[in-house]
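I opened a new notebook page today to work through one protein chain.

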Amino acid sequence: MKTIVSCYPKPLEVVRPYAPERGPRLHEYKIEAAPPDGYKTLDVGDAWELVYRQERGWVWELIPEDEVASDLVGHWNSGRVGQVSGFGPGIFVKDPDRFDEQLEAARQSQEDWFNFLYEQGEDADKLGQRSNITDEMREAARWLGKKPKWLEPARQELTKECPFCGSEIPRRATVCKVCLRDIDTGATPKKAK
Ligand SMILES: [Zn+2]
């Protein structure tokens, strides 16, 4: 068995075209969200994959646990916004001989990465580009214990659509300024005589 360790504060999931047992063609590997000052683990063993070989047709082939573990860790580490070499999410394959050292390095790497993401969020906010702030940036701010004003997604839009004429009107309006109907009842105002 190999143990994958995650300091990442969100659940990690991925479906792979191999499985711990022969039979299922796909398997979902998951690690729970890690608490802010801790980690979660996933044990993985060898896995089976059904592959086509020209001379033999479809055959089950064994993927060694080392390859399974590094494939999953590679997947969970790649494609992250702003990730550059040297830091990223704290996810790694446990080496029992130097686990403490690995864990510390992973937490530091993740902290550096989250600081980077947090700065991205701050910059977007300063430039008035709230729509560029991602959930990952918010997660980073939370994990760092920061409370920027962009921590929660923007409140509901300030407008709504009139159910009768489709015009954009203020969210709190009770009467549509375009078709003059009452938003709740659809009644039109009586003409003044
Ligand atoms: Zn209207």
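I began with a definition: a nonpolar core is a set of buried Ala, Val, Leu, Ile, Met, Phe, Trp, Tyr and Cys residues joined through C-beta atoms within 7 Å. A residue is buried if 20 or more other C-beta atoms lie within 10 Å of its own, exposed if 12 or fewer, and partly exposed in between, with the C-beta atoms placed from the backbone.

I noted that this is a predicted model, in which local features need pLDDT of at least 70 and side-chain atom pairs count only at pLDDT 80 or more, while totals for chains, interfaces and linings use all residues. Residues are numbered from 1 along each chain as its sequence is written.

**Entry: the cores**

I looked up the largest nonpolar core and found that it has 19 residues, with I4, A69, L72, V73 and I91 having the most contacts inside it. The elements that give two or more residues to this core are β1 (2-6), β3 (27-31), α1 (65-77) and β7 (91-93), and α1 gives the most, with five residues. Helices (H or I, at least four residues) and strands (E, at least two) are DSSP runs, numbered from the N terminus.

I then followed A69, which touches K2, I4, V44 and V93 when residues up to four places away in sequence are not counted; here, two residues are in contact if their C-beta atoms, placed from the backbone, lie within 7 Å. There is also a second, separate core of eight residues, which includes F114, Y118, I133 and A141.

**Entry: strand β1**

Is β1 mostly covered or mostly exposed? I found that four of its five residues are buried. β1 pairs with strand β4 (residues 40-44) in the antiparallel sense over five bridges, where two strands pair if DSSP finds at least two bridges between them. In that pairing, V5 has T41 of β4 as its bridge partner. β1 is also joined to β7 by three bridges, again antiparallel, and there S6 has I91 of β7 as its bridge partner.

**Entry: the whole chain**

I recorded three helices and nine strands for the chain. Buried residues make up 18% of its 193 residues. The chain has a radius of gyration of 26 Å, whereas a compact globule of 193 residues would have one near 16 Å; the radius is taken over C-alpha atoms, and the globule rule is 2.2 Å times the number of residues to the power 0.38. Along the principal axes, the C-alpha atoms fill a box of roughly 90 × 45 × 25 Å.
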